[in-house]
Amino acid sequence: MIRALKSAPSIQRRLLWFLLPPLAALMLAGVYANYRAATAFVESAYDERLGDAAIALAGSLIKEGQRVRVDPGAVPTTAHRTDHLVDLRYAIVGAGGELLAGTREVPIAAASVTANPTFADALVGGERLRVASYRVNIARDVAIISVAESAAQRAVPGRFILASTWLMDFIQLDVTLLIVWLGVHFGLKPLLSLRRQIEAGSPRELKHLDATTVPGEVKPLVEALNLLFDVLAEAARSQRRFVADTAHQLRTPITGLLGNLELLMKEPGTVLLRPRLQALHTGMENLARSANQLLALARADPSTSFAEPFDTVDLQALAGRIVEINVDRALNAGLDLGVEAAAAAVRGNLRLLEDLLGNLVDNAIHYTPRDGHVTVRVGLRDGRPYLEVEDDGPGIPEDQRGRVRERFYRIPGSTGHGCGLGLAIVSEIAEAHGAQFTLESGAAGKGTLARLLFRSPVV
Amino acid sequence: MRILVVEDNDLVADAITLGLCAAGFAVDRSDSAEAANSALATEHFDLLVVDVGLPGQDGLALVRRLRSRGATQPVLILTARDTLAIKVEALNLGADDFLLKPFEQDELIARCRALIRRANLYAGEQVNLGRMRLDVAGRMLRIDETAVDLTGREWLVLECLALNAGRVVSKERLQQAIASFDQALTPNAVEVYVSRVRAKLGDAAVIRTVRGLGYRLDDPST
């Protein structure tokens, strides 16, 4: 049996791993770019307004003789914005650097101020300011107007922009990721349905997979699988044919030999030969049993048995049948053979399960001494069907319980009557049915308790 | 009692024929289904022993043809192929029993006797079972020519066991056999009736209890 210890990640997971991180990184870059573009636009709008304020201040300058003076009534103290008013601070400096109006705290944006407003950031008294400076010519005189506003005031809309950009881009990111996930999920749906198709079919049926509904990429794979199924099924069929033919070729002559031998033993003239004839008869019976066991083993072999059809098998009825077949043998051996059965059914192959229970009962009858008991039990334990054969014979030593399942192995010194295949057959059939096969001591530590615990019942 | 053995393997056919002759049957042998058909057309046989694997037409085809003609004599199928399919098909076609090769002569003889006896019991004829003689039509049991007095239900138990002599009859089946509408059955009614029948049979026949399964009237011919 092949078991994948560690499976490779699924295609769906791989696709998501390949797609999601770069998409997420791209989205983050998008957020940053959008934020930068939006704030640059807002900055320039703010600067333009600051410049306008500086130009507006120019209107309040008047020339008085040789001096430039500020008309206090004409100084705008606020710059008007649509939503709220922002405090403006300003300084008007004369050509000689003398302060004509406003406050000294407002620096001049640059050394050479032109007739167009020049902008700069400044740090005054621990406060970040944005400054616009502007040179005015008044009747051949020069004055420099500097207007400043707090950078903190600008940060408010910046944060708003950042928040809204984040929000929008995150919604976009989430929707994109959802679409990618859905796309991958639905794109891989044909694979999932193929998987379900494979899982639904029992491996014993070797039924062809439908190659018409699978995507082109998987089609060659499915066709190769179907071809493999055909080869396997044919191999199993020819193996089964071989087993059946061999059975016929072996059993028919054995029947004839046994029959003639039995006739011979009844002839009055053969009384003196009887011990030899009896030995021959016993040998012939052992040969017959070995042939049966070899055939049962061939039937139970995975290469043959996997193609055996599985049906619902009534374990209770099976136990009754096998016990009935063996009642006479048990009586002749002076044994009490009985059944303790409750209703239980499993999915399995009746023929194989007959071989299995037949071998267990056969072993128990053979190895249990006169006046012993052999009991076949069937039922459900914790919801799992079980099949048990218990005897109060000599039992199997603990260190031999593993080895007795090997083919052709016989416990040293045992009076084996077959060829040591009985428990190997049981093991193989148990495995074919996914059942757990254990050998324990019987009640009170005496005898053997052979148990099969099946996986799940059939309801 | 006349038996037709249809078997192509000479070694097997000889042993069967001689064994059945020694057991007191009159035996004819055919080595193919075709030969068996012509024998059946002219002669009467009480039982057919048919091998499945015949050259030409196989044994199952022979049974099918026999039953389609309305012949009711019992058929015992022999086969070396113990596939379930053959067993099921044989019984569905109307074969009465199934014996897997290799088998012992005594087993074959016992099965043949049981089949003929059952056919006769169904036909309401008198049947000998060891020292017992059962008159089905008259519901009479004699042991060594002495009439044994059985109640209605005791007879039903004995009849059911005798019909299946050598086979285990489940407790449920016996319960059904003795169940009637007018009288309620106690849970251990079957045990009670079986032990009464046992006592009345004495040492003329053995009714075994097969633990957990039911009862079996031992076939005195084995």
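Author: Two residues are in contact if their C-beta atoms, placed from the backbone, lie within 7 Å. This is a predicted model, in which local features need pLDDT of at least 70 and side-chain atom pairs count only at pLDDT 80 or more, while totals for chains, interfaces and linings use all residues. Residues are numbered from 1 along each chain as its sequence is written, and chains are lettered from A in the order in which they are written.

Helices (H or I, at least four residues) and strands (E, at least two) are DSSP runs, numbered from the N terminus. A residue is buried if 20 or more other C-beta atoms lie within 10 Å of its own, exposed if 12 or fewer, and partly exposed in between. The buried residues are Gly422(A), Leu423(A), Ala424(A), Ile425(A), Val426(A), Glu428(A), Ile429(A), Ala430(A) and Ala432(A). Their cover includes the chain A helices α5 (274–300), α6 (302–305) and α8 (350–367), and also the strands β15 (436–441) and β16 (448–453) of chain A. After α9(A) comes Gly434(A), with a positive phi near 65 degrees.

Chain A also meets chain B: 28 residues of chain A are in contact with 26 residues of chain B. On the chain B side, helix α1 (residues 10–22) gives the most, with eight residues. Chain B itself has eight helices and twelve strands, and buried residues make up 38% of its 222 residues.
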